Each structure stands twice: as C-alpha cells, then as structure tokens.
2 protein chains.
Amino acid sequence: MKKESFSKHIDLKNIKINDPFWNKIIELVRTDVIPYQYEAFNDRIEGAEKSYCFSNFRKAAKAAEVLREGKKLPDYPVDKWQYTDDNCDENSFHGWVFQDSDFYKWIEAVGYSLSNHPDEQLKRKAEEVIDLICSAQLENGYINTYYTINNPEKAFTNIRDFHELYCFGHLSEGAIAYYNATGNRKLLDATCRYADLICETFGRGEGQKKAYPGHEIAEMALVKLYEATGEKKYLDEAKFFIDERGLKPCWFDVERNQKTRDGDHTYEQAHLPVREQKEAVGHAVRAVYLYSGMADIAKYYCDDTLLDACESLWNNIENQKLYITGGIGATVDGEAFSFDYDLPNDQAYAETCASIGLVFFARRMAEVYPDSRYHNVAERALFNNILSGMAEDGKSFFYSNLLEVNPEACKKDSRKRYISPVRQKWFGCACCPPNLARMISSLGEYCFAQNDETIFIHQYVGAEIKADNADIRVNSTYAENGRVQVSISPKKPIKLAVRIPEWCRDFEISAPYEIKNGYAYISITEKAEIFLDFKSKAKLIKCSNLVRENAGKAALSKGPFVYCIEEVDNGKNLQMLRVNPQGSFTDDGEAILADGFREKADTSLYSEYKSPEESPAKIRFIPYYKWANRGENEMTVYFRV
Amino acid sequence: MKKESFSKHIDLKNIKINDPFWNKIIELVRTDVIPYQYEAFNDRIEGAEKSYCFSNFRKAAKAAEVLREGKKLPDYPVDKWQYTDDNCDENSFHGWVFQDSDFYKWIEAVGYSLSNHPDEQLKRKAEEVIDLICSAQLENGYINTYYTINNPEKAFTNIRDFHELYCFGHLSEGAIAYYNATGNRKLLDATCRYADLICETFGRGEGQKKAYPGHEIAEMALVKLYEATGEKKYLDEAKFFIDERGLKPCWFDVERNQKTRDGDHTYEQAHLPVREQKEAVGHAVRAVYLYSGMADIAKYYCDDTLLDACESLWNNIENQKLYITGGIGATVDGEAFSFDYDLPNDQAYAETCASIGLVFFARRMAEVYPDSRYHNVAERALFNNILSGMAEDGKSFFYSNLLEVNPEACKKDSRKRYISPVRQKWFGCACCPPNLARMISSLGEYCFAQNDETIFIHQYVGAEIKADNADIRVNSTYAENGRVQVSISPKKPIKLAVRIPEWCRDFEISAPYEIKNGYAYISITEKAEIFLDFKSKAKLIKCSNLVRENAGKAALSKGPFVYCIEEVDNGKNLQMLRVNPQGSFTDDGEAILADGFREKADTSLYSEYKSPEESPAKIRFIPYYKWANRGENEMTVYFRV
C-alpha cells in the first residue's frame, strides 16, 4: 500500500455542479424528491404506505421528557421488525424498526442540497426536523425512537436485527452533511454524544459488548465522524467494529444465548473474520456498506491484509456478481448476492440502495489506489441501476431494478410477487428513495478527488471545483456525446488524471498524456484548457456465457448508458425480437433504432422445428434508466441476436 | 354428447402385459418398488424421511379399541399439516395429515400387480396391511388415523386442509383394486361402510355438510366404488361433490366461520362452480383429479355443460400449460399451475403425481370422445415426466421433474431449494412413489378400451387382451422402433381403432383403414394380423415462442421420448452448447449424437459483442426419463440452435 498514492474526494462545499444532464436530476431532487419525502414522513402521501417518521419522533420526544422527569413509561413489545396499526398499540412505535434512518438520510440529502443550492425554506424544515430529533435524545445520549418509545431498557439487546447501529450511522452521516453545509452544529453535537455512548458500550473492555452492526454503515459513518471532529476514538471504534466482525463466538449468537436456529451469519457478513472474506455474500446493501468501511479503515491504518480482502471482494463483485446495469444482489431472498455468475434478469433484485453502496465502495477503493476499474463500475451503477430507481418526475421509485419484466408474471407468478412493473410512490420500507436523494445531492463527492500531486476527474460531471492546488472548470456533455472541456488554473505544477471510460476505445485528449491504470495523466504547469473527446457509438455487449440465461443474447449500450427495449415501442412478447448485429444502429437523440426481426407467434405449443418465420423490424431502444416512465409494460435489457 | 361413442377401459384381469420396454419397469415395481415402500412404511429405510404409516395405523387400531370399549382417549392437537418428533407427543399421530393415503396407494399397486403377476408373499403382506386398516375402523365406519388418534370428535371439521376425503378416495381405489385382483372383499366392505358414513355426512339434506374434498380424488373414487358395487348412491355422492364445488357460500369459509384470510379458493379449484371453470388453476394434482371426476360424472349423467368445462380445461392444459415432457404445474408455490405459457425450465414443478393425474383425465376424456389428442398427451406424460419420477433401479424418486437443472443452483439459490438434482430415496410427503407404483402396475387400463363396436388401442404396450368382442395379442417394439403387430380374433364384426401418434407423420398400416380424430379405424370381420409401423426418427421440436425462455431454442425427440443433454456426457455449462439443425442425428441405440458447437467460455463478464468462438462438438442426448441415473450433474431439455 502506497500512502503517497492515496487521494481524497473534494468536499462538496468546493464543488459547484453545472451539468446539462445532471442539473435537472439534481434540481428535481431538490424541488420535488426532498419535499415529497418530507410529506411522506408526515404520512401525507395519499395511497402510499405510511412512513410514521414524524409521529415516531414525536412519541420518542415525549418519552424522553417523561424519562427525564424520572417517571416510568409503559412497555411495549420489541419483538417484531415491522409494526402496523394491526399488530401494535397506537401509542407504541410504528413502522419498520429502522424507520428513523429515513429521516436521517433526508437530512443528509438536504445538507448536500444546501451546499449546492441555498434554500431558506428547506433549511427551516430541516431545522425543525433536527430540533425534533434532538428532543428525542435521552440523557445518556441515546437516540432511537423504536426502543425509546417501546422499551428503553432493551436498548442494544438485539444488535443483529434491530438496526440501532444502522440508524446511528445514518444519523452521523446526516449530521455531518448538515454541519458541513450550514455550520449548524446542533445535530452533530447530539450525534457525538450518542457516538460517545456507543464507544462506551461496544468494545473489548470489561462490561463492554463485543458486538458490531447487524446492518453495517456505522463503520464508515464513524470514520466520517472522525474526519468531521478529529476525535480519534471514533476511528478506533470503527476499526473495532471491523476487526471484531466474524470472530468466534459471534455476538449475534451470544446476545441470544447461542439459541439461533443455525448460527449462519452469512446474511450479515459475519460468517468469517472480514480479512478472510473473499466472496461477496449475504444482504447486498449491508455487504457494500461493510466493504466501504473496510476500505476506509484499510486506508487510515495502512492495513494491507484488510485491503487485500477489499480487493478480493471487489474482484468477486466486478467479475462474477455485477449486472450490466451496475446492479448487485441477484436474489430477493435476503436481498442478497447469489452465487457466481447467477445473474437472472427477470428475477434480479439489484436494489437501488445496493448500487449506491457499490459507488461508496468504489470511491473508497479509488482513493486508496487509483485504478479506473472502480469508477468504471461506479459509472455503470450511476447511469443505469441508480438512475432507474427514480421516475423522470421524481415522484415514484424502484426498489428492485430488474433487467427483464413481464407485468403479467409480476401479477400472476408468486415467485415474482416482489417485483413492481412500475415505480411505486413510496415504500413502507423506504430505504431507497432517500438514499437516492442523498446520492444525487452529493454527486460531486464521487466525481473529483485530490492529493498533493494529482487532481482526479473520476466522473465527467460539469462543475466548478476549488481544489487545494487548482481551480477547475469542467464543461461536460459527456452523457450526450462524450465531450468534456477542462479549464484548469494550477497553484503549483500538478497532474490532472482523467479516467478513460471502460466503454471507450476511441478518444482524443488535446494535451500530452500518459496512461496509467486506466487514467490519462496530464502535466499541468500553467493555466490550460483541455479537450477530451470520448467517442461513443451504439454497440452490442456480450455477457459472459457463464451467465446461463444470457447465452446467445446481447445487450446494447452507448457511452455510459445501457439500453433496453420496451413494449410500448416494440409490441408485446419482446422475446420474439432478434437484433441483427451486422445491421445499422441509428441514434435519433431519444432512442436507438436497430435492425432486427420479429418472429411470428407460434400458435401451437409444440411443433416440428423449422427456421422461424421472421419479418424485418426496426427495434427501438431507450436508455435503461428511462424505462417504465410510460406506464406498465414489458421490458428487457438482453435480446437474442 | 354421443352415448354410442362412449367406451370403457378393459379391466386389468383381462389384460396380460408382455412388452420388451415395459416388462422390466413393471417387474421392477413388483420386485423392488412395492417391497421397498413396505419397508418405508415401517420406517426401516436408512437415511430416508420417516413415513409413520404402520405406526399410525397401530396407534389408531388401539384408539379404535379404546373407543369401542366406551372409554375416553387423550386429545392431541389437530392444528398442523405435519407432525414430527419435534412438535408432537410420541403417542399422537406422526407425519403428514394425509399419510394414510400412501398405505392405500400401495395396496392399490399391490392389487394391480397381483392381477398381472400372482405373488403369495406380497398377498400376505397386503392382507396384513388390510387387517391393520380394518382394525383402525371406528364403529360408525370412519377410517382416518390422524383424527382417530388425535381427536376423533374433530373428524370432518377441516375438510379444506386435512385430507380426510382424499384419504377416503385412495382407500376406495386401493380396496377396489385389491378386490378386483383377489376377490377378497374385506377392505372393500370396510370402505363401503366408510362411504356410507360419508354419504350421510355430506349432502344437501338437513344436518348434512355442503362440503366437498379440499384435495380432490373422492369424486372419481366414488364413481369407481359405484362401478365395483352397483350402489347408485356412491355415484350420486360423487355428483354432489362436483355440483357443490365453488358454489357460494364456499364450505371452506363456512367451516372456519368465514374467517379465512382472503377466501381465495383457486388453490383448491373452488373459486368458481366447476361448470364455469375454463382455466386450469391451483394445485395441479388436485386439479386433474377433479377434472377426472368431472369427466366421469359428465359421462355417467350425459352432462354436456360439464363436459364443455372438461374440454375447456383440457384445451387450456394441452395448449398453454403443458411441458414438452407431459409435466404440468409450473410453480412450486402451491405446487400449482402458473399462467398461460409460463413454463420455466429450471423452476418447473411438474410433479410426478400431477402427470399421473393428467393420464387419468386423458383416459376419461378419451372414453367420452375418442380423439387421439387425449392419449397423445398421456403418452407424452407416461414416457417422459412419469418415468423420470423413478430411478432405473427403482430405489429413488423425483417429486419434481425439472427440464433444466444446475446442481450448483439447487444448493446455493434459495429459490431452487425445492429442487433435488438427484432422485431421493423417499419423501416425508411421499405421494409420488406409491402413485407411480399404482400407475405402472395398472398400465393396461390406460392402453385398451372398448365399446360395442370398437376396440381401441390407445397406447402400444404389448399384451394379451380378452376384450368382450375379441381376443387380441399385441406384440410391440413401439418404444424402440414404433413397430406393432396386432393379432385379433373377433367374436363378431368390429372395428379396431389404433391411435396415430402425434409425433408420427410417416406410418404404414397393413390393412385398409379410415382415419377419424387421429385414430385409424380398421374393420375386423375375421381373425387377422395387422402390422403397424410408426416410423420414428430424431427430430427437433420447437416450443411456442410465447413461452419466453424457449425462444431461440429447440428440444429433441424421437418417437414418444423427449431427449435431454447431461453434463456427464457433454461437460459442464450446457448453455454453451448449440445444435446444428441441419446436422446429422445418429441413434446408437443408447443415445442420439447430434452435430453442434461448443462456445469457448468467456473470461470477462462483459465485453464488446463479437460472433462467439465455437468449436464443433458432438452432442450426446439421452431419453429424458433416464437422466440423473449417473450421479448429480447438469441437465437440460432445451438447447440453443
């Protein structure tokens, strides 16, 4: 591990995004998604599942007051993952046990958004939320509405399932983002008090719990908290969580007196000590959140064996477990990774949150070692699986991002019951929409990085950037045509490293450069204008034939976008279409038209084989992320050739 | 409906099977499967799930004695589908609630087997079993070990779920088969006493329950009981069960005070009155058992609307819901039919029992109206899905018969956890092995039928047949080469109707004939020898492109057999194989060798599309029913062309 090659993303406050493709998405998040979510937290979206966020925090604030007065609260059960009007008392906690995290993700998104675009009204709303959160803090620092309302004495007794450390992680990220954007320390200070309680509670000392998050995120959140406050114990606590994970006896067995059904902790990535983990397994979001934390700790402690594990895990994801759209997690069962090369299209899971987590992991790996593979994958996820998570109007969301959908099957085949053929307004388990909002609002953090010698452009998003050693303006039409103009005013001689996208074989760079690990390094000694031209054309992509169901098929991509075919453009029964790889592919700006054929429908179920009766057809492709914006219909990414 | 075209299968006692293909299978059932199952009922098969049949009947016999003495029994819960050592008292009922039926299916198989092959030792075992069953009969005629042991007062209180009428149906079929074979009336008489209780309990009269079987079979069993005894009330009771089914209010709601979760009775085919049912839905075995009973009643009562429903249901199965192997039931969830054209290969269910039930339905439809389509489907099921259910040594069984299996996925993908990549020794829910035994042992009933004017050969199985109007000897090498020789000595001028197999376009018949509805009708006025030559060659079959996953693929068949590719012959990753439709197909007696190609494995998950690198390969196909007899390995029926 070479410390001198480490880099660090550029803070959002030093980035001003201005990009023809991303502006409207970021603005949509600010003007629509964030306010919409605020309404959802208030349970004011008609026809949507209830969030209960506000009501839980209000109940918790009352409970905190009662406790401060030394009075006793009524106890409610703490035995379920989800509480609804049907299964609990009206005064008890409602919703999923991890419901608080949505609130925190929202604050995080608001913080990022305020960095990019001041908005007094939004700030007022956020501060109302922050006041509410702080009023729900107990005297010992604890903040978690579920246990505070239902039974505060049971806090930290079911670390595996009940998400306290997960909620803490999101609280931290939200508090830091808000503090960075506004300088308002209120939530950050409250968070530090809670973090202090966590540091006291979890560790290897006497009376401490040798536990670690059931759902990871606190690891990377504690690293951020260290970065924001300089408090080293937070970094050490993150390291403790990483180091302890998977050791025997497993805390998840200890806390339930070893009486688990099978003691298999693959789902939570606690099946092995993290340094021995080579294969990405279990719940995909948890996994990539853990791996992100591992990469952080590997970097801060220069821990080569930990980095080796990160690399093995990355390799496994990139080479065996990644959808072409940047989706990960191939099975609904446990929202988990499946085995190598098991990437079913019509039964994918590919949760929006998991791809977001993959981008976190990618950024951290690239900050340790600048190889373009990390941001190539991040780009794949960003432009496809992640953007697909949100409707074009910002008002509905996908949780799973399938690569092939037949709406009839979603309704009639119970194995596909989890699949929604159109985006939903909101989810009871609403992890994805606020996660999307915070990702989009903090996009800059994933685009630009720096160290003493080099400024990295990982993702081509138009922006003005104040780096330590240079001021930069990026003008980008990358999404549209692969062209980028970089104006740079260095404060000292530096290198500018620009990523050569994986999809691009034909590019021009207007200055001399040297290629290393997929980046073109350009020496900058004085003010310069550099033109990058990554020539994009429609091209067919072959998925490895080790992925069984894609044998004999192909997908279409152009630039960073994967394309798909929809029924609304191409009629029902998309499986009857076949694309001619030698035919033409015409881009009309909106869509790509490909030459192909449509088979006549067979009337009999079984018949003697003869060459299929086909008629020529123009097949219309649209970018994958745009699918299902014109009503419920069939869609497929892969097609026969 | 034309009564004069009705026919009736020829009784087993008038059929002596002697066929080079079937002899060894029938003999295997007699010498291995039936004795093996006897051991299983005694829980003496090491490593197999326990059956508990003998022990349940012994407990029930003791309980019956206690009750006869007017004493009270301890009550055990009657609230579960399956009782194991872990969840019940050692003195209570064990196993599945429908466990008794396995015993009855075994007796039925023994009866059929004794018709074909006297066997004193087997007869002794059967009579020991019969004595045990009779000793478990209560004074009112009731026979069901589950309720008798656990709580006789709860009898008939959960008709939907707890299978009493299902067990009664199997008891009847067993008793009739044994009586027909041996003349021993003991079990038949006991069954009639139980049937009388059922006729008293279920009906439209005052104090009667307007119920019908949750799991159908009693319908066709009561028809058989009527045929065996001449007691018309049994036929009427069957008609009552058919007529009442699906009427509102549904008994399944009534018996649980309407407090079902959703009142959706699709699973049990009680969602609509049977005459309004057009689509085959729900649990596939239940469905075809019901449809068989409907066809029986339609025939006996000349009920055209009921027959119309049967025809609609048949059409739906044959044209939209039938696997090429004759399997039905495309989803594990509810062991049920999926929607039209949803026939996944690697997540099929295609239960052995369901195909057996389909043959029951086919025979009954053909007896009403002799169209070859019914026995074409029966042949498809018999030679493929049904035979696949049993290992070549008769010692292990498939419950589901998949069309594509990757053993790695069965182990690592929870969605495929229900799939066994090799046959199992026995099942706790052991419906299929004894069902197979009774089907194979009564094969003759599905081959030959008669009415006043015509003798039908539906299936070409070598046999000597004493029909009412002729003695016939069929010498058949049909399975091997499609050749059949029929020697017939008529007692009066008659027609011999022989089915032209669906797969055969090129055949010779050595006598003049007229084709009608897929049968060749030959006038027989005197002793004659007729040669039938159904020329079979390997041919590729196309599945309708409305079945999404088979688009661009084909299957291989020869004669009545569907073929498959196994890893043991062709290496791993069968999806990399492609067959050349214009190539040669050479049959070496054991297997068919086809010309094709094997793709080189792709090392990278995504790459720019180019024509795949392929090398020529000889692809070895074996009949589908023989698969998984050489250890665990990949298999597929469909392949790319």
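## Exercises: helices, interface and salt bridges

Helix α6 (residues 164-182) of chain B packs against helix α7 (residues 186-201) of chain B at an angle of about 150°, with the axes 9 Å apart. Helices here are DSSP runs (H or I, at least four residues), strands likewise (E, at least two), numbered from the N terminus. Axes are lines fitted to C-alpha atoms, for helices over the stretch in contact, and angles run from 0 to 180 degrees between N-to-C directions.

This is a predicted model: local features need pLDDT of at least 70, side-chain atom pairs count only at pLDDT 80 or more, and totals for chains, interfaces and linings use all residues. Residues are numbered from 1 along each chain, chains are lettered from A in the order written, and side-chain values use heavy atoms without hydrogens and water.

**Exercise 1.** Find which residues make the contact of α6(B) with α7(B), and sort them by class.

*Step 1.* Contact means heavy atoms within 4.5 Å. From α6(B), the residues include Phe168(B), Leu171(B) and Ile176(B). From α7(B), they include Leu188(B), Tyr194(B) and Ile198(B).

*Step 2.* Ala, Val, Leu, Ile, Met, Phe, Trp, Tyr, Cys and Pro count as nonpolar, Asp, Glu, Lys and Arg as charged, and the others, Gly among them, as polar. The contact has 11 nonpolar, two polar and one charged residues.

**Exercise 2.** Decide how many residues of helix α16 (residues 432-441) of chain A are buried.

*Step 1.* Buried means under 20% relative accessible area, exposed over 50%, partly exposed in between (1.4 Å probe, protein chains only). In α16(A), 10 of its 10 residues are buried.

*Step 2.* Those residues pack against α1, α3, α6, α11, α13 and α14 of chain A.

**Exercise 3.** Describe the interface of chain A and chain B.

*Step 1.* 62 residues of chain A touch 62 residues of chain B.

*Step 2.* Buried area is the accessible area (1.4 Å probe) that two parts lose on being put together, summed over both. Here the figure is about 5000 Å², with 50% from carbon and sulfur atoms.

*Step 3.* A salt bridge is a side-chain nitrogen of Lys or Arg within 4 Å of a carboxyl oxygen of Asp or Glu. The interface has 10. One joins Arg548(A) to Glu634(B), with the closest N and O atoms 2.9 Å apart.

**Exercise 4.** Are the partners Asp296(B) and Arg364(B) buried or exposed?

*Step 1.* Their side chains meet in a salt bridge (3.0 Å, N to O). Asp296(B) lies in helix α11 and Arg364(B) in helix α13, 68 residues apart.

*Step 2.* Asp296(B) is buried at 9% relative accessible area. Arg364(B) is buried too, at 4%.
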